[in-house]
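Visitor: I've got a model open and a handful of questions about it. Could you walk me through what the coordinates say?

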Amino acid sequence: MGIALDIIEMVQARGKMGVTELANELEHSKSTIYNHLCTLEDRELLVHDADGYRLSLRVLDMANHVRDQVGNYDVIRSEIDTLAEETGEIAQFGLEEHGKVSYLYKKAGERGVETASRVGTQQPMYSTGLGKAILAYLPEERTEEIIRQTEYEVLTPQTNASPEDLREDLAATRERGYAIDDEENFSGLRCIAAPVTDNETVLGAVSITGPSSRFTMDRLENELADEVQRAANVIELNTKFA
């Protein structure tokens, strides 16, 4: 199973690969790789043509099924679209999976700058607005578990570099009701995020991301904080009364 998943991840990253290339990259024999490729092709997760193996459209169907399991997805999409249109920036919704923030939906406004996040990918919680907004409102036991298990890579001079730094940041997040990524994940980008909760459950978080030249601390605190909290509140209300 492990080798099969490694193959899927490698083909996803590269687009299309052959047996020899996969064997070299994954450091397994060509016969082992070929056997797993045949199984994945039989299960219709991969397609084989003259240029190698690629992911099949069945993977897209699986992804759509996962998305549809989020009961309030249509509301999330509508609010993120509105947020992107009204601010002109990148708006996103993420949730926690395996101690990381997973991106469920993303929309770029007319002035939105390209970011590394993509739907279905993951980013660290300790250095992202979405991650910190979620982490601050998870049950304390789960929050501490993630804090302990996190490997703190210093991504920029602003990154939280230790559990103590992160705990202090999360305390500030709880006090003001939203999280700020102050160029902590990527230099030159700031992000503000608000949690989406249902009673004691954290469903995820809403964020807006943009260049620090436009995302001044004054704008974050006096304009964009209201925007993300409004969007989060609409999603919360629609979830409760759906």
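This is a predicted model: local features need pLDDT of at least 70, side-chain atom pairs count only at pLDDT 80 or more; totals for chains, interfaces and linings use all residues.

Visitor: How many helices and strands does the chain have?
Guide: Elements here are DSSP runs numbered from the N terminus: helices are H or I with at least four residues, strands are E with at least two. The C-alpha trace spans about 60 × 40 × 35 Å along its principal axes. Counted that way, the chain has 9 helices and 8 strands.

Visitor: What percentage of the residues count as buried?
Guide: Buried means under 20% relative accessible area, exposed is over 50%, and partly exposed is in between, using a 1.4 Å probe and protein chains only. The chain has 242 residues, and the buried share is 45%.

Visitor: Among contacts between residues at least 6 apart in sequence, what share joins residues at least 24 apart?
Guide: A contact means heavy atoms within 4.5 Å. Of the contacts in the chain between residues at least 6 apart, the share joining residues at least 24 apart is 56%.

Visitor: How many cavities of 30 Å³ or more turn up, and what is the volume of the largest cavity?
Guide: On a 1 Å grid over the protein atoms alone, a cavity is a set of points where a 1.4 Å probe fits but cannot get out; a pocket is an open set with protein on both sides within 12 Å along at least five of seven lines, and lining residues have an atom within 4 Å of a point. Points are joined across faces, edges and corners, and a volume is the space filled by probe spheres set on them. The whole-structure search finds 1 cavity of 30 Å³ or more. The volume of the largest cavity is about 160 Å³.

Visitor: Which residues lie nearest the centre of the largest cavity?
Guide: Elements giving two or more residues to its lining are helix 6 (129-135), strand 7 (189-198) and strand 8 (201-211). By class the lining has 6 nonpolar, 9 polar and 1 charged residues, where Ala, Val, Leu, Ile, Met, Phe, Trp, Tyr, Cys and Pro count as nonpolar, Asp, Glu, Lys and Arg as charged, and the others, Gly among them, as polar. Of the 16 lining residues, those nearest the centre are Q92, Y103, D181, N185 and T209.

Visitor: Which side chains make polar contacts with the side chain of N185?
Guide: N185 sits in the loop between strand 6 (179-182) and strand 7, and counts as buried because its relative accessibility is 9%. A polar contact is a pair of N or O atoms within 3.5 Å; within protein, one must be able to donate a hydrogen and the other to accept it, and residues adjacent in sequence count only if both atoms are side-chain atoms. Beyond its neighbours within four places in sequence, N185 touches Q123, P124, S127, T128, L155 and T156. The polar partners are Q123 at 3.3 Å and S127 at 2.7 Å.

Visitor: What about the second largest pocket: which residues line it?
Guide: That pocket holds about 190 Å³ of space. Its lining divides into 4 nonpolar, 4 polar and 2 charged residues. By name, they are H98, G99, K100, P124, M125, Y126, I146, Q149, T150 and E151.

Visitor: Is T143 buried or exposed?
Guide: T143 is in helix 7 (residues 140-149). Leaving aside neighbours within four places in sequence, T143 is in contact with L135, L138, L170 and R174. Its relative accessibility is 3%, so T143 counts as buried.

Visitor: What is phi of E27, near enough?
Guide: Most residues other than glycine have a negative phi, and most peptide bonds are trans. E27 is in the loop between helix 2 (19-26) and helix 3 (30-42), and is exposed because its relative accessible area is 70%. Phi of E27 is positive, near 60°.

Visitor: How many disulfides does the structure hold?
Guide: The cut-off for a disulfide is a pair of cysteine sulfur atoms within 2.5 Å. C38 is partly exposed at 22% relative accessibility, while C191 is buried at 5%. The number of disulfides is 0.

Terms used
Residues are numbered from 1 along each chain as its sequence is written. Side-chain values use heavy atoms; hydrogens and water are left out.
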